[in-house]
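Reader: I am new to this structure and would like a close look at a single part of it. Please take the strands and the side-chain contacts slowly.

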Amino acid sequence: MTILTAINEVGDVVGLDPFTSVYGTDDQNAKTMMALATEAGAEIARRVDWQRMLKQVTPSAASYVLPDDYNRMTPGGALRSPAGEFARPVLSSGQWTVISAVPSAQPYFFIKANTIGISPVSFAATAVMDYVSKNWIKTNAGVERDTFSADDDTVLFPERLLVKNLLWRWRRQKGFEFDDFLSEFEADLIAEIRADRGDQ
């Protein structure tokens with residue numbers, strides 16, 4: 001389902017004539033729909049670590065610039081050795097200064113200014129890092145992005161969630177009752193999270 005078909009599906013429900021294009025058009029309803037779709041998609045991507053947005057890199061250095069699409073580490077052991085030893089996160093620069101100066105057997109990592117520091121250096125040499133990409137949109141050419149760029153862009157999470165989220169946002173923006181639509185979206189979100197994780 002493309003962004004155009006998703007918006008037209010919502011349009012069928014709310015009584016809008018079908019759009020032939022929604023990206024870059026001057027039509028006010030299309031502009032509103034695109035703005036709401038962007039908000040909806042960003043929220044859905046932010047709330048869940050979707051399988052299609054999970055990425056993996058091998059830093060291989062004690063100081064490694066994070067990938068351009070980096071958004072956040074995956075929870076529960078995002079940095080590990082091939083043997084399954086996990087690095088612990090460090091949350092303050094003061095602690096990191098001490099830890100990186102006196103390496104221990106326990107590996108640690110610290111993220112600051114788009115760079116991950118890893119200690120000890122020997123752990124960094126073979127470490128594997130799992131992260132969630134900020135990109136939740138896929139173009140027709142297969143390029144992943146975090147903003148829409150064409151009518152035929154698709155999303156990397158279950159498409160029906162975009163329709164459900166867009167529907168309640170449209171109703172709220174127009175001053176209509178939207179609580180039931182929001183509740184339906186939330187219920188579907190839970191079901192899709194379970195399906196995405198293979199828990200059905």
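How many bridges join strand E5 to strand E6, and do the two run parallel or antiparallel? Please go on from there to the salt bridges.

Author: The model is a predicted one. In it, strand E5 covers residues 88-89 and strand E6 covers residues 108-112. The two are joined by 2 bridges and run parallel.

Lys112 has Thr115 in E7 as its bridge partner. The hairpin of E6 and E7 has 2 residues between the strands, and Ala113 takes a positive phi near 50° in this hairpin.

Now to the salt bridges. Side chains of opposite charge can pair when their charged atoms come close. A search of the whole structure turns up 11 salt bridges. One of them links Arg169 and Glu43, with 2.5 Å between the closest N and O atoms. Arg169 sits in helix H5 (residues 159-173) and Glu43 in helix H2 (residues 28-47), so this contact ties together parts that are 126 residues apart in sequence. With buried meaning under 20% relative accessible area, Arg169 counts as buried at 8% relative accessibility, and Glu43 counts as buried at 11%.

Another salt bridge joins Arg72 to Asp49, where the closest N and O atoms are 2.7 Å apart. Arg72 belongs to strand E3 (residues 70-73), while Asp49 is in the loop between H2 and strand E1 (54-57), so the pair ties together parts that are 23 residues apart in sequence.

The side chain of Lys55 meets that of Glu144 at 3.0 Å, N to O. Glu144 is partly exposed at 25% relative accessibility, and Lys55 is partly exposed with a relative accessible area of 23%. Elsewhere, salt bridges that share partners join Glu39, Glu43, Arg47, Arg169 and Glu186 into one network.

Methods: Residues numbered from 1 in each chain as written. Predicted model: local features only at pLDDT ≥ 70, side-chain atom pairs only at ≥ 80, totals over all residues. Heavy atoms only, no water. Salt bridge = Lys/Arg side-chain N within 4 Å of Asp/Glu carboxyl O. Helix = DSSP H or I, 4+ residues; strand = E, 2+ residues; numbered from the N terminus. Buried < 20%, exposed > 50% of the residue type's maximum accessible area, 1.4 Å probe, protein only. Pairing = 2+ DSSP bridges.
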